[in-house]
Amino acid sequence: MATTVYDVEEIQLQTGQTVKLKPLSIAELRKFMAVMEKSKNAESENQSLDILIEACGVALEKQLPDLVKTKEDLENALDIPTINKI
């Protein structure tokens with residue numbers, strides 16, 4: 001029997017969908033880090049928020065690919081506490 005070496009946490013999005021959060025794979029982490037790198041050049045809170053939303057999209061794209069297809073759908077599913085949790 002395999003032993004899991006990470007924690008999984010289930011959260012509910014604003015849309016009512018639930019998602020199980022677990023650490024990103026190395027490939028996903030590289031994409032996530034590339035998005036977060038953009039935050040160094042953010043000049044406004046709106047730009048920072050857009051970057052965080054994009055990073056959440058990277059984190060959720062394997063589990064909820066239909067949700068992350070459009071920025072509008074993703075924005076409707078998130079709030080700030082959820083973004084911070086992701």
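## Glu 61 and Lys 31

Glu 61 has a relative accessible area of 28% and is therefore partly exposed. In this predicted model, Glu 61 pairs with Lys 31 in a salt bridge whose closest N and O atoms are 2.6 Å apart. Because Glu 61 sits in the loop between α2 and α3 while Lys 31 belongs to helix α1, the pair ties together parts that are 30 residues apart in sequence. Lys 31 is also partly exposed, at 44% relative accessibility.

## Lys 62 and Glu 28

A second salt bridge is formed by the side chains of Lys 62 and Glu 28, at 3.9 Å from N to O. This pair links distant parts of the chain: Lys 62 is in the loop between α2 and α3, Glu 28 is in helix α1 (residues 26-37), and the two are 34 residues apart.

Glu 28 counts as buried because its relative accessibility is 13%, and the cut-off for buried is under 20%.

## Salt bridges in helix α3

The whole structure contains 8 salt bridges. One of them joins Glu 75 to Lys 71, with the closest N and O atoms 3.8 Å apart. Both residues lie in helix α3, 4 residues apart, which is about one turn of the helix. Glu 75 is partly exposed at 34% relative accessibility, and Lys 71 is partly exposed at 43%. Through salt bridges that share partners, Asp 50, Lys 71 and Glu 75 are joined into one network.

Side chains of opposite charge can pair when their charged atoms come close.

## The largest nonpolar core

The largest nonpolar core has 13 residues, and those touching the most other members are Leu 13, Val 19, Leu 67, Leu 74 and Leu 78. Which elements each supply at least two residues of this core? They are β2 (18-21), α2 (45-60) and α3 (71-77). Helix α2 gives the most, with 3 residues.

Leu 78 illustrates the packing. Apart from neighbours within four places in sequence, Leu 78 is in contact with Leu 13, Gln 14, Ile 53, Cys 56, Ile 83 and Ile 86. Among these contacts, Leu 13 is another of the core residues that touch the most other members. In soluble globular proteins, nonpolar side chains tend to be buried together.

## Gln 12 in strand β1

Gln 12 is located in strand β1 (residues 9-12). With a relative accessible area of 54%, Gln 12 is exposed, the threshold for that class being over 50%.

Which residues does Gln 12 touch, leaving out those up to four places away in sequence? They are Gln 17, Thr 18 and Thr 82. Within the sequence neighbourhood, the side chain of Gln 12 reaches the backbone oxygen of Gly 16 at 3.3 Å.

## A nonpolar surface patch

Val 5, Tyr 6 and Val 8 form a nonpolar patch on the surface. Together these residues have about 320 Å² of accessible area. Val 8 lies in the segment before β1 and counts as partly exposed, at 47% relative accessibility.

Definitions and conventions: Residues numbered from 1 in each chain as written. Predicted model: local features only at pLDDT ≥ 70, side-chain atom pairs only at ≥ 80, totals over all residues. Heavy atoms only, no water. Core = buried A, V, L, I, M, F, W, Y, C linked by side-chain atoms within 4.5 Å. Buried < 20%, exposed > 50% of the residue type's maximum accessible area, 1.4 Å probe, protein only. Contact = heavy atoms within 4.5 Å. Polar contact = N/O pair within 3.5 Å; in protein donor to acceptor, adjacent residues only side chain to side chain. Salt bridge = Lys/Arg side-chain N within 4 Å of Asp/Glu carboxyl O. Patch = residues over 30% accessible without salt bridge, like charges linked within 9 Å, V, L, I, M, F, W, Y side chains within 5 Å. Areas by Shrake-Rupley, 256 points an atom, 1.4 Å probe, with all protein chains shown as cover.
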